[in-house]
Amino acid sequence: MQASVIIFSADEIRGNVLSKIFKKGGCESFLHKTVVDFGAVSGQLNPDVVVLDTGSFFQNELEGLAGKLSQDIRAHIVLLSEPDDTVLSTHASAHCPLNPFDPEGIFTAAVKLIGTEKKKEQLGQSTSLIDTLKNYLRLD
């Protein structure tokens, strides 16, 4: 079974790059640009991992989201945030720095959270994800 990831990012570039990295890594990836419907989307799709790009949302949106996070959401939460961002830090399973943006590091953190060796093998690629991204963006 394919691992599923929901990415919440209002930043179009970061969100799309993360979505492509997860798809290239063998995950089912969904991108949402608002956190307003976080509970409904997470409940309906039942993801393995949720990536929250806190740098692309307003502080009041993040505070509202912190109130919505509960034990009902069984997904691992990966926070993409600044080091001093503490609004959602108690709910996160992993933290990744917002700057510098490291899509491969975020993917790796998510894969580690998913857990089983079988899923890690399915998600791993023979070529580096950064090489795939460079090729996709024609940076080579």
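How many aromatic pairs does a search of the whole structure find? I found two. I counted rings of Phe, Tyr and Trp (its six-membered ring) as paired if their centres lie within 6.5 Å, with planes under 30 degrees apart called stacked, over 60 edge-to-face and the rest tilted.

I note that this is a predicted model, in which local features need pLDDT of at least 70 and side-chain atom pairs count only at pLDDT 80 or more, while totals for chains, interfaces and linings use all residues. Residues are numbered from 1 along each chain as its sequence is written, and side-chain values use heavy atoms, with hydrogens and water left out.

**Aromatic pairs.** I looked up F8 and F38: the ring centres are 5.0 Å apart and the planes meet at 50°, so this pair is tilted. F8 belongs to strand β1 (residues 4–8) and F38 to helix α2, so the pair ties together parts that are 30 residues apart in sequence. I took helices (H or I, at least four residues) and strands (E, at least two) as DSSP runs, numbered from the N terminus. Both F8 and F38 are buried; here buried means under 20% relative accessible area, exposed over 50% and partly exposed in between (1.4 Å probe, protein chains only).

I then examined F22 and F107, a tilted pair with 5.5 Å centre to centre and 55° between the planes. F22 sits in helix α1 (residues 12–24) and F107 in helix α4 (residues 103–114), so this pair ties together parts that are 85 residues apart in sequence. F22 is buried at 0% relative accessibility, and F107 is buried at 7%.

**Nonpolar cores.** I defined a core as a set of buried Ala, Val, Leu, Ile, Met, Phe, Trp, Tyr and Cys residues joined through side-chain atoms within 4.5 Å. The largest has 22 residues, and F22 and V78 are among those with the most contacts inside it. Helix α4 gives the most to this core, with seven residues. I also recorded a second, separate core of 18 residues, including V41 and L79.

**Strands β4 and β5.** I found that β4 (residues 76–81) and β5 pair in the parallel sense over four bridges, where pairing requires at least two DSSP bridges. S81 stands opposite P97 in β5. In β5 (residues 94–97), A94 and C96 form the covered face, and H95 and P97 the uncovered one.

**Residue K33.** I located K33 in the loop between β2 (28–32) and α2 (38–45). K33 is partly exposed, at 46% relative accessible area. Its C-alpha atom is 4.4 Å from that of A10, 23 residues apart along the chain.
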